[in-house]
Amino acid sequence: MTIIVTGGAGFIGSNFVFHMLEKYPDYRIVCVDKLTYAGNLSTLAPVMDNPNFRFCKIDICDREAIYQLFEEEHPDMVVNFAAESHVDRSIKDPFTFARTNVMGTLSLLQAAKVYWESLPEKYEGKRFYHISTDEVYGALEMTHPEGIEPPFTTTASSSEHHLAYGKDFFYEDTKYNPHSPYSASKASSDHFVRAFHDTYGMPTIVTNCSNNYGPYQFPEKLIPLFINNIRHRKPLPVYGKGENVRDWLYVEDHARAIDVIFHRGKVAETYNIGGFNEWKNIDLIKVIVRTVDRLLGNPEGESEKLITYVTDRAGHDLRYAIDSRKLKNELGWEPSLQFKEGIEKTVRWYLDNQEWMDNVTSGDYQRYYEEMYKD
Ligand code: NAD
Ligand code: DAU
């Protein structure tokens with residue numbers, strides 16, 4: 001089996017590549033990545049010498065180059081992670097998001113279509129798996145600001161903090177209602193993927209996942225940004241009042257879910273993937289701050305002083321909460337890691353891998369950070 005994994009030098013893509021190479025020694029993984037500020041070859045260093053792995057620096061918008069790669073590698077599957085992924089950047093520069101997320105996905109779809117349709121077996125045994133987000137569904141209300149017992153739970157989260165902040169959840173048939181340029185571009189790409197199934201019969205799958213956390217996430221996203229800022233004694237910018245709610249899932253659990261759906265999911269289906277693990281930003285931030293302080297041996301409460309309330313993100317979605325019971329009931333997947341354990345592992349990883357953090361935040365990112373927080 002040969003799988004083209006796009007965006008494999010980024011956060012979730014790299015974790016998926018590691019998972020697949022370890023679990024399936026017979027699979028060939030061909031990673032396609034443009035290496036934007038968010039994609040780093042140092043992330044892929046652990047697998048660069050693996051004979052079943054090949055890295056190709058290609059922009060997914062370059063249809064010629066992608067088609068040529070299809071002819072060289074004869075892929076059975078494509079898993080499309082490549083995207084511009086940061087909401088704040090999409091607010092400043094929506095065009096880059098439309099280019100990569102919409103046109104890039106379309107260019108991959110078209111290359112896959114032309115290549116697979118040229119084969120005698122056509123789409124037999126082929127899959128185009130597109131990675132999407134819960135943000136396409138819009139935002140949910142917060143009807144219980146203090147949180148309530150959730151109506152469903154998982155083995156992994158049942159014995160610890162697990163609250164629902166409203167009565168509604170995102171389901172697979174929730175209507176798309178994206179608000180940010182990022183989520184609008186992701187929604188558009190999802191529609192193109194489904195259109196290629198409905199129009200040309202391409203075997204596609206789309207999954208919509210909640211917020212991921214874990215190793216190798218670019219430190220502009222909440223959790224690694226805050227860990228990095230504590231290390232450098234920089235302010236911790238909390239948007240608005242810190243009341244927004246996100247549903248957090250450990251990245252390896254996402255990789256496991258993709259593996260399960262990739263092998264056993266039904267063509268043309270959508271599956272929601274989530275952690276059943278809602279946190280208000282400010283509560284989560286306090287957990288991160290306490291964990292970093294404890295692991296660095298700082299006095300208790302030391303880094304809480306760095307918390308700084310800043311202007312809210314424009315159009316900031318209030319609450320995301322995924323119902324992933326379809327995936328649990330049909331394919332038996334659920335998160336394996338307790339949140340407490342996941343956060344501990346994550347903070348330790350960033351503190352143990354400061355070289356990686358310093359390496360990816362040098363150069364262009366420094367300039368972006370200074371511009372973003374110049375006020
Ligand atoms: P990331 O920003 O860490 O990585 C994106 C990768 O795509 C980078 O390696 C980058 O170099 C590459 N890339 C960007 N533009 C490209 C282009 N034109 N051609 C080729 N490669 C390009 O993102 P992530 O957090 O790993 O997200 C991966 C996917 O998962 C995205 O599609 C995102 O929308 C989706 N997603 C992310 C989360 C999350 O919490 N991070 C949750 C749900 C879904
Ligand atoms: O829900 C899935 C999505 O999760 C993915 O599709 C996106 O690719 C991914 O970036 C993530 O989007 P968010 O906007 O939720 O993630 P982020 O880490 O940027 O922010 C998490 C929450 O924390 C959000 O409510 C905004 C807030 N925040 C974020 C940053 C970076 C702050 O309060 N301060 C910050 O500095």
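These legends describe close-up views of a predicted model. Local features need pLDDT of at least 70 and side-chain atom pairs count only at pLDDT 80 or more, while totals for chains, interfaces and linings use all residues. Residues are numbered from 1 along each chain as its sequence is written, and side-chain values use heavy atoms, without hydrogens and water.

**View 1. The shell around ligand 1.** There are 28 residues around ligand 1, each with a heavy atom within 4 Å of the ligand. Ile12, Asp33, Ser85, Tyr182 and Lys186 come nearest. Among the elements that each supply at least two shell residues are α1 (11-23) and α6 (181-200); β5 gives the most, three residues. Helices (H or I, at least four residues) and strands (E, at least two) are DSSP runs, numbered from the N terminus.

View 2. An oxygen atom of the ligand lies 2.6 Å from an N or O atom in the Tyr182 side chain.

**View 3. The open sheet.** Seven strands with parallel pairing follow the order β3-β2-β1-β4-β5-β6-β10; pairing requires at least two DSSP bridges between two strands. The edge strands, β3 (53-57) and β10 (270-273), each pair on one side only.

**View 4. Strands β1 and β4.** Four bridges join β1 (residues 2-6) to the parallel β4 (residues 77-80). Val5 stands opposite Val79 in β4.

Methods
Chains lettered and ligands numbered in written order. Polar contact = N/O pair within 3.5 Å; in protein donor to acceptor, adjacent residues only side chain to side chain.
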